[in-house]
Amino acid sequence: KGKCPEDGWDESTIELFLHELAIMDSNNFLGNCGVGEREGRVASGLVARRHYRLIHGIGRSGDISAVQPKAAGSSLLNKLTNSVVLDIIKLAGVRTVTNCFVVPMATGMSLTLCFLTLRHKRPKAKYIIWPRIDQKSCFKSMITAGFEPVVIENVLEGDELRTDIEAVEAKIKTLGAENILCVHSTTSCFAPRVPDRLEELAVICANYDIPHIVNNAYGVQSSKCMHLIQQGARVGRIDAFVQSLDKNFMVPVGGAIIAGFSESFIQEISKMYPGKASASPSLDVLITLLSLGANGYKQLLKERKEMFSYLSSELKKLADNHNERLLDTPHNPISLAMSLKNLDENNDGAVTQLGSMLFTRQVSGARVVPCGSVQTVNNYTFKGFMSHTNDYPCAYLNAASAIGIKKQDVDVFLKRLDKCLKTSRKESKKGKVVNEISNSNTGTEQLEG
C-alpha cells in the first residue's frame, strides 16, 4: 500500500526485505556482464555490505525520481521511501500534502533547489522576501541560488520575536510582485523567535501571486508547526516546504524531504536535480520508519511533547533560583530561552564563557547568545547575530526539546547548567572586586601624583 506499517518490523525482516530489493539490481545478477562506465562495481566488501549492495543510487540523469531499468531494486526502494515518508507527513499533521521526495542534500541546498526551480517560472524575479532568522544555511541557500535576500526585521511582542506582516506587504509593493521570486518563511526556530505567521504570509502570497517556500527544518516533530503549514495551504499559498531527515527522523545528516500541495510542482523540483543521487538518505529513513512503524513514530512525537513541558517547568525553576527568568515564548513549541541578564551585567565575557563551560562539560546543543554580536554572512552584516534582531533586550541561553530527548538528558543538563551558573556568578563577583580595587588604586596613584 506504500504506507508506513502500523507496528515496526524486527531487524531480520528489514534485512531480508533489503536483500530482496538488492538482488533486483543488475550489479547483483549472477551472470551480469557490464561494459558501461557505471556498473555498480564496488572494490570494498565492507562498503558493499554497508549499503546492502544497493549501489546504483536513485534516479536517472534527468530526474531524481525516475526509474532506472538496470536498478529495479534501488528504484523500488526510492518509490517506497517517498511513499512512506508522505504517509508520515500526513500523520504528523499536513493532511492535504500531495507529493514529496527525499533528496540527498541537507535543508539549505534543498531550499536552493526549490529557488532554482522557481527561476524558470519567474525569469524577471531577483528578490526573495525573508523574515529574518539568524541561521546561516537558510540565508546562504538564497545567495547560492543567485538571488538577493530582502531581510524583514522581526517585531518584539512581549519576549517573542514575530513576523512583521505589514513590512512584508509594504516591501512587496515597493519592489513589485513580478520582481519577487518568493517569500521564504520559517517554522522551526530558536526561541525567542517563534514560527512565522504562516497563514497571513500565505494569504499575502495568494493575493499578490507570489510563490511561498517554507523552511520547516525540524518542524515535522511539532504538531504546531505542521498545523501552521496545513492552515497556510488551506487559506492561502504554500508551494513547497522543506524538512531535514536527521532532525526529524534521527538518521545521519545528509538528506531532506521536499514536499508540497501541487504534485506537478514537486515533480518539477525533482527534475531540476542534475544527475543521479545517493540512495543512502532514502535507505536510512526507510529502515528507520520500518523499524519504528507509524505507532513507534507517534510515540516519539508524544514523548517529545511531554519532555518539552518538563524541560519548560524545570528550566523555569532553575531560572528563578538564579534570579533570571524563562522567557515567555508560547508560540515556540520546540525551543526555550532563559535570560542571562545578571550574568551579562556583571561581566562582559561571562555569557560566552558560560557557553564554553557547558560545552566542556559535554552539554551539546545549548546555545548561549550574548547581546550585540555582529557577523557578516556573504557580505550582509547582521547586528545582534544569533538573536534574530538588532537589539534584543537581554542575553539568553537556548535549550530545545527535540525528538528522541529523554528525561535523563533534561535532568543532567539542568544539573550541569546550575553548577556552571554558580561558578560563573562567583567568578563574576571576583572580577568585579578586582576591578573595583584596581580602579581605587589608580585613583590613589593619580592623587599622589
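Student: Which residues touch the most other members of the largest nonpolar core?

Tutor: In this predicted model, they are Ile89, Phe115 and Ile258, out of the 80 residues in that core. Helix α11 (residues 280–321) gives the most to the core, with nine residues.

Student: How do you know where this core lies relative to domain 1 and domain 2?

Tutor: Domain 1 (11–292) and domain 2 (297–432) both give residues to the core, so the core lies between them. There is also a second, separate core of 28 residues, which includes Ala350, Val351, Leu397 and Ile405.

Student: What does Ile258 touch, not counting residues up to four places away in sequence?

Tutor: Its contacts include Asn99, Phe101, Leu113, Phe241 and Ile269. A contact here means heavy atoms within 4.5 Å.

Student: Why is Asn398 called buried?

Tutor: Buried means under 20% relative accessible area. Asn398 has 1%, so the word buried applies to Asn398. Asn398 is found in strand β14 (residues 396–400).

Student: Why is Lys247 called partly exposed?

Tutor: Partly exposed is the class between buried, under 20%, and exposed, over 50%. Lys247 has a relative accessible area of 35%, so Lys247 belongs in that class. Lys247 is in helix α9 (residues 245–249). Leaving out residues up to four places away in sequence, Lys247 touches Thr107, Ala217, Tyr218, Gln221 and Ile403. An unreviewed UniProt entry annotates Lys247 as "modified residue: N6-(pyridoxal phosphate)lysine".

Student: How do you know that the buried residues of α6 line one face of the helix?

Tutor: The buried residues of helix α6 (residues 165–175) are Ile165, Val168, Ile172 and Leu175. Seen down the axis of α6, they fall within an arc of 105°, so they line one face. They pack against β2 (127–131), β3 (148–152), β6 (180–186) and α7 (198–208).

Student: Which exposed residues does the face of α6 turned away from its buried side carry?

Tutor: That face carries Glu166, Lys173 and Thr174. Just after α6, Gly176 takes a positive phi of about 90°.

Student: Which residues does the UniProt annotation "binding site" cover?

Tutor: The unreviewed entry covers Arg60, Ser61, Gln68 and Lys276.

Student: How do you know that they gather at one spot?

Tutor: These residues span 217 residues in sequence, yet no two of their C-alpha atoms are more than 9.8 Å apart, so they gather at one spot. Contacts of Arg60 include Gln68 and Lys276. Ser61 touches Tyr273, Pro274, Gly275 and Lys276, not counting residues up to four places away in sequence.

Definitions and conventions
Residues are numbered from 1 along each chain as its sequence is written. This is a predicted model: local features need pLDDT of at least 70, side-chain atom pairs count only at pLDDT 80 or more; totals for chains, interfaces and linings use all residues. Side-chain values use heavy atoms; hydrogens and water are left out. UniProt positions are given in the numbering used here, feature names are shortened, and annotations may be inferred rather than shown by experiment. Helices (H or I, at least four residues) and strands (E, at least two) are DSSP runs, numbered from the N terminus. Buried means under 20% relative accessible area, exposed over 50%, partly exposed in between (1.4 Å probe, protein chains only). A nonpolar core is a set of buried Ala, Val, Leu, Ile, Met, Phe, Trp, Tyr and Cys residues joined through side-chain atoms within 4.5 Å. Domain bounds come from an automatic or database domain assignment. The arc is that of the directions from the helix axis to the C-beta atoms.
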